[in-house]
Amino acid sequence: MRTSRARQPGEANGEAAGGGPGRQWARADATRQALLIAAQEVFADRGYGDAGIAEIVERSGISVGSLYHHYGGKAGLYVALWEELTGEQERRAAQAVSAAREEGRSDPIEQFIAGARAYLQVCWERREAARLFLGGEGPPGSSLMRRSRTQRWVARNTKLLRGREDAAATGRAGEVLGLVLTTVIGEAGREIATAEGEAEAGEILEEVCRILIRLAR
């Protein structure tokens, strides 16, 4: 006669131990990461327009059904890669600004430079991903997506720089200053992402920071 078995730790709703939601989420995350890595490689090799779902699936080892389930197609993969990169850039910049404040650096320009430096470091560390977005190629609507993000970035930088007490940090002059400095950082990020080596990337980063300081003051 069969007897009922006591539920083991980690079992719930009839699931075997080790097969609960935590394990499922980990598998889903691993699936998403495998697809993103493969998509980044294929986009880099073929360009977005010529990249094919079949090759992404083959490189990732993940089923085409899972690809469409998690990302909806090639455009979704592109957007996810872009959001992952820009999200890391924004987080690192914000952390650097907060660290500068905690260290007692009250000058908004110093805080701004700290954030810019962190952003540019990510451009080098994540250069393979950053290079995907240099040419502006992408799915319909991607240019609007990038423009909207840039506008928010300019607004944050302008707000940060308005901590200064001089007139140049307020009104239209402050808005233009934020726009100019943000544009410089963006173009510098492109150069750093395509640098031939870490030494060259470092030289560009340091020179850009010196230029930003001169422009901001």
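Analyst: A polar contact is a pair of N or O atoms within 3.5 Å, where one atom within protein must be able to donate a hydrogen and the other to accept it. The model discussed here is predicted.

User: How far does the backbone oxygen of Trp124 lie from a polar atom of the side chain of Arg127?

Analyst: Arg127 is placed in helix H6, which covers residues 127-131. A polar atom of the Arg127 side chain and the backbone oxygen of Trp124 are separated by 2.7 Å.

User: Is Arg127 buried, exposed or partly exposed?

Analyst: The class follows from relative accessibility, where buried means under 20%, exposed means over 50%, and partly exposed lies in between. Because the relative accessibility of Arg127 is 22%, this residue counts as partly exposed.

User: Which residues does Arg127 touch, not counting residues up to four places away in sequence, and how many Å separate Arg127 and Ala193, C-alpha to C-alpha?

Analyst: With residues up to four places away in sequence not counted, Arg127 touches Val122 and Ala193. Arg127 and Ala193 are 66 residues apart in sequence, while their C-alpha to C-alpha distance is 4.6 Å.

User: Where does Arg126 lie, and is Arg126 buried or exposed?

Analyst: Arg126 belongs to the loop between H5 and H6. Its relative accessible area is 18%, and because buried means under 20%, Arg126 is buried.

User: What is the length of the polar contact that joins the side chains of Arg126 and Glu84?

Analyst: Not counting residues up to four places away in sequence, Arg126 touches Glu84, Leu85 and Glu88. Between the side chains of Arg126 and Glu84 there is a polar contact of 3.3 Å.

User: At what angle do helix H4 and helix H5 pack, and how far apart are their axes?

Analyst: Two packed helices are described by the angle between their axes and by the distance between those axes. For H4 (residues 74-102) and H5 (residues 108-125), the angle is about 145 degrees and the axes are 8 Å apart.

User: In which sense does H4 pass H5, and how do the residues of the contact divide into nonpolar, polar and charged?

Analyst: The crossing of H4 past H5 is right-handed. Residues making the contact include Leu85, Glu88 and Arg92 of H4, and on the H5 side Gln111, Tyr119 and Val122 are among them. By residue type, the contact of H4 with H5 comprises ten nonpolar, four polar and four charged.

User: Is Arg149 buried or exposed, and which residues does Arg149 touch, not counting residues up to four places away in sequence?

Analyst: Arg149 is found in helix H7, which spans residues 142-161. Since its relative accessibility is 6%, Arg149 counts as buried. Leaving out residues up to four places away in sequence, Arg149 touches Trp82, Thr86, Gln89, Glu90 and Tyr119.

User: What is the relative accessible area of Ala39, and how far apart are the C-alpha atoms of Ala39 and Ala51?

Analyst: Ala39 has its place in helix H1, residues 21-46, and touches Ile56, Leu77 and Leu81 when residues up to four places away in sequence are not counted. Ala39 is buried, with a relative accessible area of 0%. Ala39 and Ala51 are twelve residues apart along the chain, and their C-alpha atoms are separated by 8.3 Å.

User: How many Å apart in space are Ala116 and Leu212, C-alpha to C-alpha?

Analyst: Ala116 lies in helix H5 and is buried, with a relative accessible area of 4%. Leaving aside neighbours within four places in sequence, Ala116 is in contact with Ile185 and Leu212. Although Ala116 and Leu212 are 96 residues apart in sequence, their C-alpha to C-alpha distance is 9.0 Å.

Technical notes: Residues are numbered from 1 along each chain as its sequence is written. This is a predicted model: local features need pLDDT of at least 70, side-chain atom pairs count only at pLDDT 80 or more; totals for chains, interfaces and linings use all residues. Side-chain values use heavy atoms; hydrogens and water are left out. Axes are lines fitted to C-alpha atoms, for helices over the stretch in contact, and angles run from 0 to 180 degrees between N-to-C directions. Helices (H or I, at least four residues) and strands (E, at least two) are DSSP runs, numbered from the N terminus. A crossing is left-handed if the near helix is turned anticlockwise from the far one by less than a right angle, and right-handed if clockwise. Contact means heavy atoms within 4.5 Å. Ala, Val, Leu, Ile, Met, Phe, Trp, Tyr, Cys and Pro count as nonpolar, Asp, Glu, Lys and Arg as charged, and the others, Gly among them, as polar. Buried means under 20% relative accessible area, exposed over 50%, partly exposed in between (1.4 Å probe, protein chains only).
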